[in-house]
Amino acid sequence: MKPIIAENGAAVVERPTSVRWTLASLSLSMLLPSLGTSIANVGLPALARAFNGSFQDAQWIVLAYLLAITTLIVSVGRLGDLTGRRRLLLIGILLFTLASVLCAIAPALWLITAARAVQGIGAAIMMALTMAFVGDTVPKAKTGSAMGLLGTMSAIGTALGPSLGGVLIAGLGWPAIFLVNVPLGAVTFALAYRFLPVDAKIGKTQQSGFDMAGTVLLAATLSAYALAMTIGRGSFGPLNLVLLAATVCGAGLFIFVSARTASPLIRLAVFRNPVLSASLATNALVSTVMMATLVVAPFYLSRALGLGEAAVGAVMSIGPVISILSGIPAGRLVDRLDARFVIAAGLVAMVTGATALALLPGIAGYIAAIVILTPGYQLFQAANNTAVMADVAPDQRGVISGTLNLSRNLGLVTGASVMGAIFARASATSDIAGAPPEAVHLGMQITFAVAATLIAVALAIAVGTCRLGRAPAGH
C-alpha cells in the first residue's frame, strides 16, 4: 500500500481494491437512506394504532428523519472533508443500523421519533459522502455510469419501501420495517470497511477548521424552512410565516458569519461558479416537480379516474420501475456525451412529460406522460451530479455533495407543500379526498402546467449556463 497526497493536504492510503466492490458498498449506502424514508411512511397507521397515538403524532416519525437529513447533510459533508470520509461514513452506517434497532424495540412513540432522528443523522452522512467517494474511487471516464448506478439504487429504495413495508407489517408486525435495515446495514458496513480507501491521519490544523457557528446557524435555518413547509400541510398560517421569516433572517446571518470566518462551512465563493449555482437551482426545481407527481397522482388516479387502491398502487409503481431501468443507461450516456447536453435533453423530456400530464386524459395519458417524464429525470440527475462533482476540488467534495443533496431535499420538501397547496387551491376544495372528479382533474391540469413552467425555467438556466462555459468548482 502507498499513500496518495490529495489537494487538501490529507492523504488516503491506496490499496488494491475492486471498483466493482467499491461501487457495491456505495450503492448500498445510497439504498438505505431512501429505503428508510419510504418504508416508514407505510407503517404510520400501524404505529399510530400500536401506541394509541394520533396520525399527526405518528407523522413526526417521518418528519424527524427528514429534518435530520435536511439540517445536517451539508455539515457532515464538510466534516468528512476535514476528518476523513471513510471513517465518518462507517460511523454513519453504524448510527443508521443501531438506530434501526432502537426504533424496533422502543416502547413509546416519542422514543421511536428520537431514534428516527438519530437514524436520519446516519442517513445524512451516507447521502453526503457516497457521491463524494465517487470522485475518490471511480475513474473520471466512468463517473457518469457510477452516478447513474447511485440514482438507480435510490430509486430502488424508494420503490421497494411501500411494498416491502406492507409485507413485513402484515407478516411480522411494525418492528420488522426497522429491523430489515439491520442485516442490510451490517453488509454495507462490512463492504465499506473492506473496500473503501483508508483515510490517513488528519493534521490538527485541518481538524480545527470546522465551522461550528456556521453549522448551528445553517441547521437552525434549514429546520425553520422545513417546518414552515410541512406544518399545516400546505395551508400557510401565522406560524408558517414566522418560520419563513426566521429562515430569511437565519440565511442572512449565515452569509454574514461565513464571510467573516477563516474556514467557513461553505465557501461562499463557490456560488460564483455559474455551473454549480445553476446545478443547485435546477436540482431544486426538478425535485419540486417530481414530488408533485407523488403528492398529486394518488388523488388524481383515485378521484378523477376512479381507480381502486390496488390499481392506483400498480399505476404509481410504473414511475419507480422506469427509474430503476433507466438509471444505469442514463449514466452510460453521460460518459459518452457532454454532461451539459444530457442535462438539457433530460429537461426537455421533463417539460414534455409535465405538459403531457396536464393535457393528456385518462390512464393511458397518465402512463404515457410518466414514461416520458421519468427517464428525463434520470438523465438530468446522472448528468447534473456528474457535471458538479467532476470539477470539485478534493477537499470540497463532501460539502459540495452535501449541498447538492440539500438542494434536492429542499425541492422535495417544497414540492410536497407548495405543489400540494396549488393542487388543493386549483381544485377549489378544502377536502381533496371528497372532491368531485371534475375539480380534481382541473387541479391536476393547473398543477402540472405550473410544473412544466418550473422545468422550463430550469431548462433556461441550464442553457444559459452552457454559454458561460465551465469554471472549476470548489476553488
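Reply: Thr453 is partly exposed, because its relative accessible area is 47%. The cut-offs are under 20% for buried and over 50% for exposed, with partly exposed in between (1.4 Å probe, protein chains only). The model is predicted, so local features need pLDDT of at least 70, and side-chain atom pairs count only at pLDDT 80 or more, while totals for chains, interfaces and linings use all residues. Residues are numbered from 1 along each chain as its sequence is written, and side-chain values use heavy atoms, without hydrogens or water.

Where does Thr453 lie? Thr453 lies in helix α18, residues 437–468. Helices are DSSP runs of H or I with at least four residues, strands are runs of E with at least two, and both are numbered from the N terminus. Now look at Thr355. Thr453 and Thr355 are 98 residues apart in sequence, yet their C-alpha atoms are 8.9 Å apart in space.

Now turn to a buried residue. Thr288 sits in helix α12, residues 274–304. Thr288 counts as buried because its relative accessible area is 8%. Contact means heavy atoms within 4.5 Å. Beyond its neighbours within four places in sequence, Thr288 contacts Gly411, Thr414, Gly415, Met419 and Leu454.

Leu191 is also buried, at 14% relative accessibility. Leu191 belongs to helix α8, residues 181–195. Setting aside residues up to four places away in sequence, Leu191 touches Trp21, Ala24, Ser25, Leu28 and Leu196. Leu191 and Leu26 are 165 residues apart in sequence, but 8.8 Å apart from C-alpha to C-alpha.

Next comes helix α1, residues 19–42, which holds Ser27. Ser27 is buried, with a relative accessible area of 6%. Its contacts, leaving out residues up to four places away in sequence, are Leu149, Leu150 and Met153.

Leu149 takes part in a helix pair too: it is one of the residues of α6 that meet α14. The axes of α6 (residues 143–172) and α14 (residues 318–336) come within 6 Å and cross at roughly 170°. So α6 is roughly antiparallel to α14. Axes are lines fitted to C-alpha atoms, for helices over the stretch in contact, and angles run from 0 to 180 degrees between N-to-C directions. Angles under 35 degrees count as roughly parallel, over 145 as roughly antiparallel, 65 to 115 as roughly perpendicular, and the rest as oblique. On the α6 side, the meeting residues include Gly144, Gly148, Thr152 and Ala155. On the α14 side, they include Ser323, Gly327, Gly331 and Arg332. The contact residues divide into 8 nonpolar, 8 polar and 2 charged. Here Ala, Val, Leu, Ile, Met, Phe, Trp, Tyr, Cys and Pro count as nonpolar, Asp, Glu, Lys and Arg as charged, and the others, Gly among them, as polar.

A second pair joins α4 (residues 85–105) and α5 (residues 109–137), whose axes come within 8 Å and cross at roughly 150°. That angle makes α4 roughly antiparallel to α5. Their contact residues comprise 18 nonpolar, 4 polar and 4 charged.

Now step back to the whole chain. It has 18 helices and 3 strands. Of its 475 residues, 53% count as buried. Take the contacts with a separation of 6 or more: 81% of them link residues 24 or more positions apart.
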